[in-house]
Amino acid sequence: MSLDPPSSRLSEFPVSFFSTVMGLSGLTIVVHRVSIQLGGGEIIATGLFWLSLTVFLLLAGFYLTKIGRHFEAVAAEWHHPVRISFFPTITIGLILLGTAAQPIDPLLARLLWGLGAAGHLLLTLAVMASWLSRTHYEIAHFNPAWFIPVVGNILVPIAGIHFAPADLSWFFFAIGLLFWIVLMTIGFYRLIFHPPLPGKLVPTLFILLAPPSAGFLAWVAITGGLDSLARLLYFGAVFLFLLLLTQIRTFARQHFALSWWAYSFPLAAFAAATLTMGDLTGSVAYHLAGLVLAGALALLITALAVRTLLAVARGEICRPE
């Protein structure tokens, strides 16, 4: 991508582009966990972190420029019933960068996490206030991306338990867990009794895997061990993963769009959860499954990165929809 994209392209620069940072940061966290289990690999994890941070800063630069030059386009995204849910990918990216930075630079990790957590709370309140006060929302607008604003709060305790009083982690976890249940109910109602999702939003179905996977990691971080609720969350994620595998043909039929990055972070969260299950249980089966998932994640994100760069070079992204 050119460092100075044409004005017309810049006005169409989507906030959903920040989902790439979620995927890259998730891969960084998983690679670090694998490096602990197998020994070595810290250099790769460190390199991935700085790559993720660089991508975030690059995207932030583009989006800040868009705010300055095309504020009306940003306002249109905010008032859009679907795109509004992608604004919190910015703060989730910061939270995940802070989580990934812990073994690399604790001070930077605390700064990134703090900015992300505070910003995410504000965006959660703003998005939910829009849901409650505006009248243009319809059930057809609902898609799994709606999980992003509220369920993203579940990610805060994974690193936050080391950075802030425990009650703050409980606060964010409670928000995410409560509204995950609410949105899960609405989501299955919409998917079962209403028309299928539009093609570009089909990949967001993979977001269903993220809340129980991240919830497991957050619960273990807060409580410090494996208990009944942790198992409930993990095996809920296992079932959702199997259910999503039954939709492989549907996923494969979709044309490439930025929404394909919705496959990345949920798979990263599930891989990290499986590796953590291996650590907590000592089971070789979980360790092997986690390594297989980590390998699949690395291949997936490599393919997504190549396909995204190709789409940018071809001018397929930042176009009016």
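A salt bridge here is a side-chain nitrogen of Lys or Arg within 4 Å of a carboxyl oxygen of Asp or Glu. The views below come from a predicted model, in which local features need pLDDT of at least 70, side-chain atom pairs count only at pLDDT 80 or more, and totals for chains, interfaces and linings use all residues. Residues are numbered from 1 along each chain as its sequence is written, and side-chain values use heavy atoms, with hydrogens and water left out.

**View 1. R307, R314 and E316 form a network of salt bridges.** Let's start with E316, whose side chain meets that of R307 at 3.5 Å (N to O) and that of R314 at 3.6 Å (N to O). For exposure, buried means under 20% relative accessible area, exposed over 50%, and partly exposed in between (1.4 Å probe, protein chains only). R307 is partly exposed at 25%, and E316 is partly exposed too, at 41%. R314, at 52%, counts as exposed. Across the whole structure, the search finds three salt bridges.

**View 2. K66 and E77 pair through their side chains in a salt bridge of 2.9 Å, N to O.** K66 sits in helix 3 (residues 42-69) and E77 in helix 4 (residues 71-79), so the pair ties together parts that are eleven residues apart in sequence. Helices (H or I, at least four residues) are DSSP runs, numbered from the N terminus. Both K66 and E77 are buried.

**View 3. F147 is among the residues with the most contacts inside the largest nonpolar core.** A nonpolar core is a set of buried Ala, Val, Leu, Ile, Met, Phe, Trp, Tyr and Cys residues joined through side-chain atoms within 4.5 Å. The largest one has 111 residues, and V30 and F216 join F147 as those with the most contacts inside it. Helix 13 gives the most to this core, with ten residues. Setting aside neighbours within four places in sequence, F147 is in contact (heavy atoms within 4.5 Å) with F142, G152, W180, L183, M184, I207, L208 and P211.

**View 4. The largest cavity has a volume of about 100 Å³.** On a 1 Å grid over the protein atoms alone, a cavity is a set of points where a 1.4 Å probe fits but cannot get out, while a pocket is an open set with protein on both sides within 12 Å along at least five of seven lines; lining residues have an atom within 4 Å of a point. Of the 13 residues lining this cavity, I29, L96, L217, F265 and A272 are the closest to its centre. Helix 2 (19-38), helix 5 (89-101) and helix 13 (264-281) each give two or more residues to the lining.

**View 5. The second largest pocket holds about 460 Å³ of space.** Its lining has 20 residues, with L24, V55, A305, T308 and L309 nearest the centre. Helix 2, helix 3 and helix 14 (284-313) each supply at least two lining residues, and helix 14 gives the most, with seven. Volumes are the space filled by probe spheres set on the grid points, which are joined across faces, edges and corners.
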